[in-house]
Amino acid sequence: MKQRMLGSLPVSEIGYGTMSFASTYGASPDRSEAIRVIRGAHDLGVTLFDTAEAYGPWTNEEFVGEALRPFRDQVVIATKFGFNIDPATGERRSGVNSRPDHVRQVVDASLKRLGIETIDLLYQHRVDPAVPIEDVAGVVRDLIAAGKVRHFGMSEAAAATIRRAHAVQPVTAIQSEYSLWTREPEAEVLPLCAKLGIGFVPWSPLGAGYLTGKVDASTPIESSDFRAASPRFTTEARAANQALIELLKRIAADKKATPAQIALAWLLARAPFIVPIFGTRRLDRVEENLGAANVVLTPADLGEIETAIGKIEIKGERLPAEILKLSYR
């Protein structure tokens, strides 16, 4: 697979997010199967793997570390701190926590769970308004100096906050939700990344599965699946947003591709510093999604997509209100 640069960090042009192996989409899959799929993604050329303390919490980091251990020196492992998780019990408390002492404690615990000496890319999962971002960037700078971290990233941060953090410790990558139906980063964050030489990592590039064309208004969603609480996954919203899927299917038919491949190829075409990370529990879906790297969208294709999207009104907020309020601070 071709590589792209997140700042000064070389990675595969498409990465793999492992959140779906936690209980996010319902019951967690078997650990051995998760490890098989993660290793299979590496065999197919993926070098960027994304996890977080919050996924589980903790369990995701453990099996990601186990899965990648045989080829640790060939991959980039990204993890995150920032949610308010009790370090002793794992209880997910309300709000966020980026106090420097807490960040240090989380990093030490993540290193132990991952079984590695250095975290390649450490993200602040959400900005903590109670802690100056300069203090957060400062503690990450110290962790880099100590050899525990290599690169600093931020997730769902506002452009002004990114600038302030970058002045203290250069930011390697910004991770925010970005896809054909979630385009908020285009206004300020993507231009800032281009200006400062920061990579951009879209999470949920396939709209939590909706943009694959395999989810419609009749698809059952279990109560334990996080999408059950998402405004975009109500029955009404899924029916209303079907126009976007019809567009993807039409472009996919022309390109002899799948809707998922078109959605990912569109992101790859947006800028050379964009590296989307998709998530799936199935190895055949990993292979399908990586095929997006071989899909060529011409300027005419991109113009056609843009014109068509301009006529589609997406129904439903991208996240529940209590989660959405944590973004772009």
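Which residues in helix α10 (residues 283–290) are buried? They are Val286, Glu288, Asn289 and Leu290. The model described here is predicted, and the values below are computed from it.

| Helix pair | Axis distance | Angle |
|---|---|---|
| α2 (residues 59–68) and α3 (residues 100–114) | 7 Å | about 45° |
| α5 (residues 159–168) and α6 (residues 189–196) | within 9 Å | roughly 25° |

Helices α2 and α3 pack at an angle of about 45°, which makes α2 oblique to α3. On the α2 side, the contact is made by Glu61, Glu62, Val64 and Gly65, and on the α3 side by Ser110, Arg113 and Leu114.

For α5 and α6, the axes cross at roughly 25°. Angles under 35 degrees count as roughly parallel, so α5 and α6 are roughly parallel to each other. Their crossing is right-handed. Helix α5 contributes Ala159, Ile162, Arg163 and His166 to the contact, while α6 contributes Val189, Leu192 and Leu196. The residues of the contact of α5 with α6 comprise five nonpolar, one polar and one charged.

The crossing of α9 and α11 is left-handed. Trp266, Ala269 and Arg270 of α9 meet Leu302, Ile305 and Glu306 of α11. In this contact there are four nonpolar residues, no polar ones and two charged.

**Ser12**

Ser12 is part of strand β2 (residues 9–12). Is Ser12 buried or exposed? Its relative accessibility is 1%, so Ser12 counts as buried. The Ser12 side chain reaches the backbone oxygen of Ile14 at 2.8 Å. Leaving aside residues up to four places away in sequence, Ser12 touches Met1, Lys2 and Gln3, then Gly45, Val46, Thr47 and Leu48, and also Val275.

**Ala257**

Where is Ala257 placed? Ala257 sits in the loop between α8 (242–255) and α9. The cut-off for a buried residue is under 20% relative accessible area; Ala257 has 19% relative accessibility and therefore counts as buried. With residues up to four places away in sequence not counted, Ala257 touches Ala252, Ile262 and Val295. Ala257 and Thr234 are 23 residues apart in sequence, and their C-alpha atoms are 28 Å apart in space.

Technical notes. Residues are numbered from 1 along each chain as its sequence is written. This is a predicted model: local features need pLDDT of at least 70, side-chain atom pairs count only at pLDDT 80 or more; totals for chains, interfaces and linings use all residues. Side-chain values use heavy atoms; hydrogens and water are left out. Buried means under 20% relative accessible area, exposed over 50%, partly exposed in between (1.4 Å probe, protein chains only). Helices (H or I, at least four residues) and strands (E, at least two) are DSSP runs, numbered from the N terminus. Contact means heavy atoms within 4.5 Å. Axes are lines fitted to C-alpha atoms, for helices over the stretch in contact, and angles run from 0 to 180 degrees between N-to-C directions. Angles under 35 degrees count as roughly parallel, over 145 as roughly antiparallel, 65 to 115 as roughly perpendicular and the rest as oblique. A crossing is left-handed if the near helix is turned anticlockwise from the far one by less than a right angle, and right-handed if clockwise. Ala, Val, Leu, Ile, Met, Phe, Trp, Tyr, Cys and Pro count as nonpolar, Asp, Glu, Lys and Arg as charged, and the others, Gly among them, as polar. A polar contact is a pair of N or O atoms within 3.5 Å; within protein, one must be able to donate a hydrogen and the other to accept it, and residues adjacent in sequence count only if both atoms are side-chain atoms.
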